[in-house]
Amino acid sequence: MSLGNSLFNARKKSGLSQEEVAEKLGVSRQTISKWELDETLPDIRQSKKLSTLYHMTLDELVDFDIKVKEIEEVIEKTTEETSHKIDWTQMWAKKYPILTSYQKEVDTGSYVSKLQEMLTRLRLDYGYNDEDAFLVLKDILAQIWNPH
């Protein structure tokens, strides 16, 4: 995503018009438009003012992706009660169908005992509760496979 798109999305997310941003920064509305259209770039001082105005860090502003931000906000707002009502496997299976088909092919029993042993080690060695031990193990597995 271009810097202009990031600036446009951050401004829209903040509920501000180009005129309002221009007034707060002491520039013209056309200047804001040119930044958002990638015709020109704000200088570092103006970029810092924009990040403050949009309530984000400069790094967040430069890499702002409205879709990612919306997903993050939904996750943050999801209560524990609601989370327990969601069949996460079915939800993720919409994107990764293997999650609903592997049980027919893989002998999960041999993996379950080894994974339970690892969870027990995390609980005993570090004092993690069941959920935290599971999340740590999940994160360790994610580190092994990183597509990026």
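**Entry 1, basis.** I worked from a predicted model, where local features need pLDDT of at least 70, side-chain atom pairs count only at pLDDT 80 or more, and totals for chains, interfaces and linings use all residues. Residues are numbered from 1 along each chain as its sequence is written, and side-chain values use heavy atoms, without hydrogens and water.

I looked up helix α2 (residues 18–25) and helix α4 (residues 44–53), whose axes come within 11 Å and cross at roughly 120°. That angle makes α2 oblique to α4 (under 35 degrees is roughly parallel, over 145 roughly antiparallel, 65 to 115 roughly perpendicular, the rest oblique). Helices here are DSSP runs of H or I, at least four residues, numbered from the N terminus. Axes are lines fitted to C-alpha atoms over the stretch in contact, with angles from 0 to 180 degrees between N-to-C directions. I then listed the contacts (heavy atoms within 4.5 Å): Val21, Lys24 and Leu25 in α2 meet Gln46, Lys49, Leu50 and Leu53 in α4.

I found about 1,700 Å³ of space in the largest pocket. A pocket is an open set of points on a 1 Å grid where a 1.4 Å probe fits, with protein on both sides within 12 Å along at least five of seven lines; lining residues have an atom within 4 Å of a point. Of its 28 lining residues, Trp92, Leu99, Phe134, Lys138 and Leu141 are the closest to the centre. Helix α11 gives the largest share of this lining, eight residues.

**Entry 4, second largest pocket.** I noted a volume of about 210 Å³ for the second largest pocket. Its lining has 14 residues, with Met56, Glu60, Phe64, Lys69 and Glu72 closest to the centre. Here α6 supplies the largest share, four residues.

How values were computed. Helices (H or I, at least four residues) and strands (E, at least two) are DSSP runs, numbered from the N terminus. Grid points are joined across faces, edges and corners, and a volume is the space filled by probe spheres set on the points.
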